[in-house]
Amino acid sequence: MNTSDLRLALPAAGCWAASAAALAAPIAVNVALAGVLAVVGCAVAAWGWRESESKREWAVTIAAACGVTAASAVAVTLRIVAVDAAPIRAAEGKPVVELEVTGDPKYLPHSQMLLPVKIRTLSGRNQRPVAAQLAATAGPVDPLPGERYRVRVRARPPKPGPSNRLSAARLSAVGELRLVRGPPWWQSVAGRVRERLRDISALSLPERAAGLLPGLVLGDTSGLDQETSDNFRAAGLSHLVAVSGSNFALVCGAVILGIRMTGASAKTVVVLGAFTIVGFVILVRPTDSVLRAAVMGSVGLAAGLGSRRAQALPALGTAVIIVVLLWPQMALSPGFALSVAATLGLVLWAVPIRRALVRRGLPEWLATLAAMTLAAQILTTPLLVLITDTVNVLAVPANLLAVPVVGMAGLLGTAAAVIGALGPRYGPGGVLAEFLIRAAGPPTRWLIVVADWLGAPGWASITIPAWFGFVLILVTGACWGIWHVRRVAGDDRPVVPVWHHGKGE
């Protein structure tokens with residue numbers, strides 16, 4: 001793996017920063033920023049065309065970064081303009097709207113729920129779909145993504161702040177939700193899988209483990225009790241119930257490896273791997289870390305189709321650019337930032353840390369686990385301090401104790417979720433799924449024990465000023481920059497490799 005390939009680092013960082021800034025800045029500033037970046041990019045490209053090859057490489061990189069950054073600013077600005085012009089903004093009284101559900105409901109006290117939706121029609125008139133949030137009374141059945149409802153609402157402006165810039169309104173239902181159209185078949189299948197896993201887990205495991213396993217497998221935390229949730233957060237294990245990139249890599253990697261073992265051709269592996277990636281995203285819902293991991297996995301599959309070796313840093317850069325361009329709100333998402341930071345830490349430092357630990361006499365398997373845990377914590381810890389003003393004191397030992405069993409629980413639980421949805425509840429599929437869930441019980445209960453041991457103490461999380469996290473990020477970046485420059489200088493290779501195939505490797 002060539003981690004010195006930084007071709008997409010600057011464009012990805014620029015795209016991310018421009019999207020975040022565009023969500024916070026006035027439209028006129030966004031337009032001016034995009035114009036300046038476009039002019040600078042063209043000027044740098046023209047200058048580099050007349051210079052030597054080494055300078056041309058830098059010019060191409062900077063011009064590409066300017067172009068991608070300008071494109072992201074324009075894309076966000078166009079979305080903001082569309083949201084500001086949405087008819088719901090000027091609606092009076094209590095209009096009737098037709099809504100399409102876009103995510104899972106968030107349940108509140110007093111049988112209330114918050115539902116992410118898109119407004120399709122207003123008072124019977126079609127309009128361009130815009131995002132909104134609906135507050136309504138929870139029903140006996142969970143709404144599924146893709147379902148359409150008609151309801152009379154009271155509309156209010158969205159909450160102020162950049163994170164709500166792409167939301168058109170806050171809606172409150174003043175009547176019953178009337179189903180207009182059911183979900184597409186794939187969402188019905190995903191809903192059945194999730195529901196069946198919850199039901200079989202509740203019958204096969206103790207209460208706390210039954211609430212945790214669907215979270216570990218599908219990110220479904222609807223049955224997770226508050227004590228377990230708090231302890232996981234305090235112990236630095238909350239990423240385990242958020243379907244992180246590691247869950248994605250584990251499940252999709254196992255499926256793709258199984259396909260390869262059958263002797264299938266490269267194209268067959270890519271096609272079936274793509275179906276696996278899409279199916280897993282639908283099943284677990286497109287959360288921040290899942291989107292990032294899905295795009296990275298797709299880049300790897302595309303590289304495999306072209307018989308080229310996938311590289312982690314270019315794949316991560318591509319994932320950041322695609323996700324931020326398609327879903328600009330991710331630029332301000334803490335979950336996305338933590339997912340990218342953890343992946344970057346693994347790419348940059350997992351191998352050097354493992355080698356250093358092995359040289360000091362640590363067994364290979366233990367050095368690998370420790371290196372993965374430490375590498376992921378290097379960047380995520382300063383970010384967590386910056387975001388939450390807290391630091392998980394026992395996060396490293398907690399993750400070291402959790403990592404050996406997470407894969408076992410995840411694979412067994414995923415197999416049980418898929419098999420259990422086949423046929424009737426007490427048919428052969430249900431019986432086999434119950435057996436698999438019972439087998440996943442010991443590792444699931446072990447995770448609860450680890451969280452209780454290392455998350456319950458009051459000093460497991462301590463408060464630290466946010467500025468300290470910013471300082472940690474700067475120091476970490478400076479140390480890596482110095483180390484990287486020295487390593488590349490020692491290898492006598494350019495920091496930014498050439499764009500032509502076969503060079504700079």
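The largest nonpolar core holds 52 residues, and Leu212, Leu237, Leu240, Phe248 and Leu447 have the most contacts inside it. A nonpolar core here is a set of buried Ala, Val, Leu, Ile, Met, Phe, Trp, Tyr and Cys residues joined through side-chain atoms within 4.5 Å; buried means under 20% relative accessible area, exposed over 50% and partly exposed in between, with a 1.4 Å probe and protein chains only. The model is predicted: local features need pLDDT of at least 70 and side-chain atom pairs count only at pLDDT 80 or more, while totals for chains, interfaces and linings use all residues. Residues are numbered from 1 along each chain as its sequence is written, and side-chain values use heavy atoms, with hydrogens and water left out.

- Two or more residues of the 52-residue core come from each of α4, α5, α7 (245-261), α8 (266-284), α9 (288-305), α13 and α14; helices are DSSP runs (H or I, at least four residues) numbered from the N terminus.
- Helix α14 gives this core its largest share, 9 residues.
- Another core lies apart from it, with 31 residues that include Leu291, Val323, Phe336 and Ala341.
- Leaving out residues up to four places away in sequence, Phe248 touches Gly253, Ile277, Phe280, Val281, Val290, Ala293 and Ala294, where contact means heavy atoms within 4.5 Å.

**Helices α13 and α14**

- The axes of α13 (residues 395-420) and α14 (residues 428-455) come within 8 Å and cross at roughly 160°; axes are lines fitted to C-alpha atoms over the stretch in contact, and angles run from 0 to 180 degrees between N-to-C directions.
- The two helices α13 and α14 are therefore roughly antiparallel, the term for angles over 145 degrees.
- Their crossing is left-handed, meaning that the near helix is turned anticlockwise from the far one by less than a right angle.
- By class, the contact of α13 with α14 has 23 nonpolar, 3 polar and no charged residues; Ala, Val, Leu, Ile, Met, Phe, Trp, Tyr, Cys and Pro count as nonpolar, Asp, Glu, Lys and Arg as charged, and the others, Gly among them, as polar.
- Trp453 sits in α14 and counts as exposed because its relative accessibility is 54%.
- The C-alpha atoms of Trp453 and Ala398 are separated by 8.9 Å, although the residues are 55 apart along the chain.

**Helices α4 and α5**

- The axes of α4 (residues 185-204) and α5 (residues 207-218) come within 8 Å and cross at roughly 145°.
- The crossing of α4 and α5 is right-handed, the clockwise case.
- Arg194, Leu197, Arg198, Ser201 and Ala202 in α4 meet Ala210, Leu213, Pro214, Val217 and Leu218 in α5.
- The contact of α4 with α5 comprises 7 nonpolar, 1 polar and 2 charged residues.

How values were computed
Parallel < 35°, antiparallel > 145°, perpendicular 65-115°, else oblique.
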